[in-house]
Amino acid sequence: MKVPSISCKIEITSSINPSEDPKKIETAILNIFPNAKLKIEKFSIISNSKDLNLLEKIYDVIHSNQSQKIYQRQLEKNLEGDITWFYLNKQAALVGTVALCEEPDESPLGPIKVTLTSSNIDSILDWLIL
């Protein structure tokens with residue numbers, strides 16, 4: 001994976017439900033984004049980064065599973081200006097599997113939301129899915 005030198009803000013968020021162990025959500029996120037610096041709050045976990053290397057596992061899954069079209073459809077559907085986003089299934093992430101969700105209720109306890117913001121968002125998407 002050759003990471004382009006394009007400025008991009010990556011935000012990863014997940015709610016913490018009262019029935020959930022925050023450590024398990026932290027593990028789920030770190031399974032997919034091992035270098036994420038997490039901030040745990042009362043009802044959510046947040047990570048902000050400008051390092052595209054954080055998306056390495058997503059990039060690998062997109063290209064190894066030939067799921068470019070699925071991700072492309074989601075990222076383009078959610079594209080507004082210089083921001084796009086996608087959901088990942090939280091339970092799948094807990095066991096180290098990347099599973100895209102089209103709707104938040106596809107992940108029973110809520111998804112992990114990944115938001116990408118860049119003034120050059122088209123180049124970010126081209127790199128990630130093409």
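## Strand pairing in the sheet

Strands E4 and E6 run antiparallel and are joined by six bridges. Helices (H or I, at least four residues) and strands (E, at least two) are DSSP runs, numbered from the N terminus, and two strands pair if DSSP finds at least two bridges between them. This is a predicted model, in which local features need pLDDT of at least 70 and side-chain atom pairs count only at pLDDT 80 or more, while totals for chains, interfaces and linings use all residues. Residues are numbered from 1 along each chain as its sequence is written, and side-chain values use heavy atoms, with hydrogens and water left out.

The sheet is open and has six strands in the order E2-E3-E1-E6-E4-E5, with antiparallel pairing. Strand E2 (38-40) and E5 stand at the edges with a single partner strand each, so one side of each has no neighbour in the sheet.

## Bridge partners

E4 and E5 pair in the antiparallel sense over two bridges.

Strand E1 (residues 9-15) takes part in two pairings described here. Six bridges join E1 to E6 in antiparallel fashion, with lysine 9 opposite threonine 117 in E6. E1 and strand E3 (residues 44-49) also pair in the antiparallel sense over six bridges; there, isoleucine 10 has serine 49 in E3 as its bridge partner.

## Helix H3 and its packing

Helix H3 spans residues 68-77, and its buried residues include Tyr71, Gln72, Gln74 and Leu75. Buried means under 20% relative accessible area, exposed over 50%, and partly exposed in between (1.4 Å probe, protein chains only). What do the buried residues of H3 pack against? They pack against helix H2 (56-64), strand E4 (83-88), strand E5 (100-101) and helix H5 (121-129), where contact means heavy atoms within 4.5 Å.

## Aromatic rings

The structure holds three aromatic pairs. Rings of Phe, Tyr and Trp (its six-membered ring) pair if their centres lie within 6.5 Å; planes under 30 degrees apart count as stacked, over 60 as edge-to-face and the rest as tilted. One of the pairs is formed by tyrosine 71 and phenylalanine 86, with ring centres 6.0 Å apart and planes at 80°, so the pair is edge-to-face. Tyrosine 71 is in helix H3 and phenylalanine 86 in strand E4, 15 residues apart, and the pair links distant parts of the chain. Tyrosine 71 and phenylalanine 86 are both buried.

A charge also lies over a ring. The charged end of lysine 113 sits over the ring of tryptophan 85, at 4.6 Å from its centre. The criterion is that NZ of Lys or CZ of Arg is within 6 Å of the ring centre and within 35 degrees of the ring normal.

## Serine 118

Serine 118 is placed in the loop between strand E6 (112-117) and H5. Is serine 118 buried or exposed? Its relative accessibility is 3%, so serine 118 counts as buried.

The side chain of serine 118 reaches the backbone nitrogen of asparagine 120 at 3.0 Å. With neighbours within four places in sequence left aside, serine 118 is in contact with Ile6, Ser7, Cys8, Asp82 and Ile124.

## Salt bridges

Side chains of opposite charge can pair when their charged atoms come close. A salt bridge is a side-chain nitrogen of Lys or Arg within 4 Å of a carboxyl oxygen of Asp or Glu, and by this rule there are four salt bridges. One of them joins lysine 23 and glutamate 26 (3.3 Å, N to O). Both residues lie in helix H1 (residues 22-32), three residues apart, about one turn of the helix. Lysine 23 is exposed at 54% relative accessibility, whereas glutamate 26 is buried at 18%.

Another salt bridge is formed by glutamate 41 and lysine 39, with the closest N and O atoms 3.4 Å apart. Glutamate 41 is partly exposed at 33% relative accessible area, and lysine 39 is exposed at 52%. In the salt bridge between glutamate 103 and lysine 77, the closest N and O atoms are 3.9 Å apart. Glutamate 103 lies in the loop between E5 and E6 and lysine 77 in helix H3, so the pair ties together parts that are 26 residues apart in sequence. Glutamate 103 is partly exposed at 41% relative accessibility, and lysine 77 is partly exposed at 48%.

How values were computed
Polar contact = N/O pair within 3.5 Å; in protein donor to acceptor, adjacent residues only side chain to side chain.
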